[in-house]
Amino acid sequence: MPKYTLNVNGKARTVDADADMPLLYALRDDFGLNNPHFGCGLAQCGACTVHVDGAAVRSCVTSVADVGKAKVVTLAGLGTPQKPHPVQKAYVEEQVPQCGYCINGWIMTAAAFLNDNKKPTDGEIRDALSGLKCRCGTHMSIIRAVKRAAEMA
Amino acid sequence: MTKLDKAFSRRSFLKTGGMLVVSVGMPVTLDLVLGVNQALAQNARPPLAPDQLSSYIAINADGSVSAFFGKMDMGQGLFVAIGQMVAEELDVGFNRVKVIMGDTGTSVNQGGASGSTGVQLGGKQMRMAAAEARRVLVDMAAQKLSVPADQLSVVDGVVQSKDGAKKASYKDLIGGKYFNVPLEWNKQTGNALYAPGKAQPKNPSEHKVVGKPIPRQDIAPKVYAQENFNTDIRVPGMVHGRIIRPAVAGAVPVRVDESSIKGIKGARVVRDKDFIGVIADREWDAIKASQQLKIEWSDAKPPFFDSAELYNHIRNAPVRKRQDDKPVGDVAAAFKTAAKVIEAEYEWPFQSHACMGPACALVQIKDGNVTVWTGSQKPHFVANGVADTIGVPVDKVRAIWVPGPGSYGRNDADDAAADAAVLAKATGKPVRVQYMRDQGTGWDPKGPASIHRARAALDASGNVIAYEFISKGFSRVDVDTNGSKPAATLAGQLRGEPLAYVDGFGTPAESYTFANKLVGWETVAPLLDRGSPLRSAHLRDPVGPQIHFASESFMDEVASAVGADPVEFRLKYLKDPRDIAVVKAAAEKAGWKPRPSPNKANPGTGTVSGRGIAYSQRGGTVVAIVAEVDVDRTTGKIWARKFTVAHDCGQIINPDGLKHTIEGNIVQGTSRTLWEEVTFNAKGVTSVDWATYPILDITEAPESIECVLINRPDVAPSGAGEPSIRAVSAAIANAIFDATGVRIRRVPFSPDRVKAALA
């Protein structure tokens, strides 16, 4: 079985895995980074989203072999309570999640989006987040939080 | 062990709380207080039983409070409200209370998450228990301080005399020990459990913590990736399991070629009658094994039909059971005298829970003891179901609820727990099962499909003299509201237990006073008697959205027929003052201008706007919703742009939590109205992922949701988890009619359907 060394949250992590194994399972089962969640395995919902070289990527359809030397950042690597990312801070302040299982997708996608869009409009925020799923229906809070995060940044 | 498990276990409470000791029963006399001191030396512990105060409230060694709650929070912040109610009655700061939910090892069966009763019934019990704990503690302090109890007050967990000279803290009185105080239990378990003590709760006018918008404490840990979901629990030696479902519902495995997965490390087949699953050490290997395993299935006759035929099927199917509410007057006679009769029929499809992730469960069997980590909203019932499924006494099973990938009723979580139990028993290893997406959406229990026939008789002046409303559909409970019996889970059914369905539906919950009124329901048989992906069960506000989509759309149809404004029409017939108040409040806040629908000023082309109102009751709560929608007449696309919601659930415990709960209900209700429909063909369900079972996208989310929270501190709190989803569909349908003059009577209002209706 091939061995892969990945750069995850600033650390080198090694995993023995089939080349076609999605990154999601390496992160969760081999590295113990539980924050990316399995939602669909089809890149339809975003629950597994991580940053790969700064871009929001669905780890459920990204094979470990394809990651190469790219820098992978998970929600746990995005910020901490002491040094929060603005989207995380805004998420807490707006009390966004209900069940919370979807939040990787929204937070990681919004964080990547705000990197390139400092003053987004309501419509731009919605378009940037289109396709992500939240079954509890927290969409109103999500929009409020991303706006709030944009104002902080 | 995970951090969650540690934090939530009573064992760890005892470790940090010091000796296991007891205070004594009531009334607390000097003798009994001396008894406390004697008990200090004994390691006796009251049983975890509904009639023990210790089953609900404990004062920890550091003086903080643990509240053991037999219901659980599905993401609406219920535990904050419970903490507020407990803190209020105990007179401690809110931050001193930790609510510990849903572990059968630490809490009694209060019914789990069920019917929006978290505060209404669960909170009522916790409030009474906390009040009793305070009474006992004050009595204990009275003895210790030699001050009569009625001359003592409590300030943040410290009992003190009026001059403040004498003090005894909860910590000093009982910290780290258990109450040994019996309660007056009504001998019921589940939602009906009630066990008050001798104390009366506070008068609402004294409330300081209840009613405050206290934030949730679980959000930061989630956002900073510090909290585990039940999908994240791992134990040593754990393997991964996956379940295999047939392509034709009802087919069973005839021959299994185990050699087809021999190249996958550690992969192994588990077959138990018609149940079939695989395990492997690594999750990806288990997934591959489940996909590669060659199975020859029985040649089952496809049990269904095309979902396009659904409503004809319901219309023509024999009625299994008919049940009417007590009729008012003589409807049949009144219709004979009618000057005009209005009739309409409405249709609602099967819908899926389609939770954010497919269900997951972990089962470990060790030394005869079974531990289940489950996302089911009813873990106490899951413990019963797992015990029966694998043949162990229930007292050997501990089910620990850990938040799962969403829950809005009886979803696939209970099935996953039973599946994991079968695999764990067969392999002797701890097994974690998570379904794949197509299983989560395709094979979860479904909200039932139905049709609804309504008719109204008008006199010559346009007054409603008779009203009849009959629903006909699949039962709401093909499988039970919980997985407490093997017949209620797929694993149980595939191992030989046929569906043990009962007939149940519902009737509109409103207070319209018509002189003659008949409302009732009829059920039809399930389409397959076991292992069915179309078995029905409770989905958020079970049968509420479908019934009230029809009944509140119909009220609008009658209003329009008599040329009445929809708000004025409702107010003319509504009886209950709280119902009248929410309708008025929603209309006023929305800036409702009286006129009949449709809006004749609207053009027949382009994008047109309309407003609609709908209202409903639910378990003591009343909600009125005004929807404002834009209809693109060219594409058929609906944007439910603005909602104004007036909500009265009696006393409000936490207005911030309530507002978030309402918003979630409105958005989820909009999704179910505009998009959601289970599709199927003769073989099985074909809506199996987010492409084939679409839900509302954020680009379609409303522009705003305004809430009018009507607080009635003197009315016991009722529920909020579901009531505001109930009238969403009708409010949208009524707004579409107002905008276009076209009545949509079938959910979902997908663009192609709306476009066809407008053509």
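I start with a definition: domain bounds here come from an automatic or database domain assignment. One caution goes with it: this is a predicted model, where local features need pLDDT of at least 70, side-chain atom pairs count only at pLDDT 80 or more, and totals for chains, interfaces and linings use all residues. Residues are numbered from 1 along each chain as its sequence is written, while chains are lettered from A and ligands numbered from 1 in the order in which they are written.

**Entry 1: domains of chain A.** I looked up the assignment and found domain 1 (3-78) and domain 2 (86-152) in chain A. Taken over C-alpha atoms, the centres of these two domains of chain A are 21 Å apart. I then checked contacts (C-beta atoms, placed from the backbone, within 7 Å). For elements I use DSSP runs, numbered from the N terminus: helices are H or I with at least four residues, strands are E with at least two. My classes are nonpolar (Ala, Val, Leu, Ile, Met, Phe, Trp, Tyr, Cys and Pro), charged (Asp, Glu, Lys and Arg) and polar (the others, Gly among them).

**Entry 2: chain A against chain B.** Next I turned to the two chains: 45 residues from chain A and 44 residues from chain B form the contact. Among the elements of chain A giving two or more residues to it are helix H1 (23-30) and helix H7 (139-152). H7(A) gives the largest share of the chain A side, four residues. By class, I noted 22 nonpolar, 17 polar and six charged residues on that side of chain A.

**Entry 3: a sheet in chain B.** Here I found an open sheet of three strands, ordered E4-E5-E6 (chain B), with antiparallel pairing; strands pair if DSSP finds at least two bridges between them. Strand E4 (152-155) and strand E6 (167-169) of chain B are the edges, each pairing on one side only. Three bridges join strand E5 (residues 158-161) of chain B to E6(B), and B:Gln160 has B:Lys167 as its bridge partner in E6(B).
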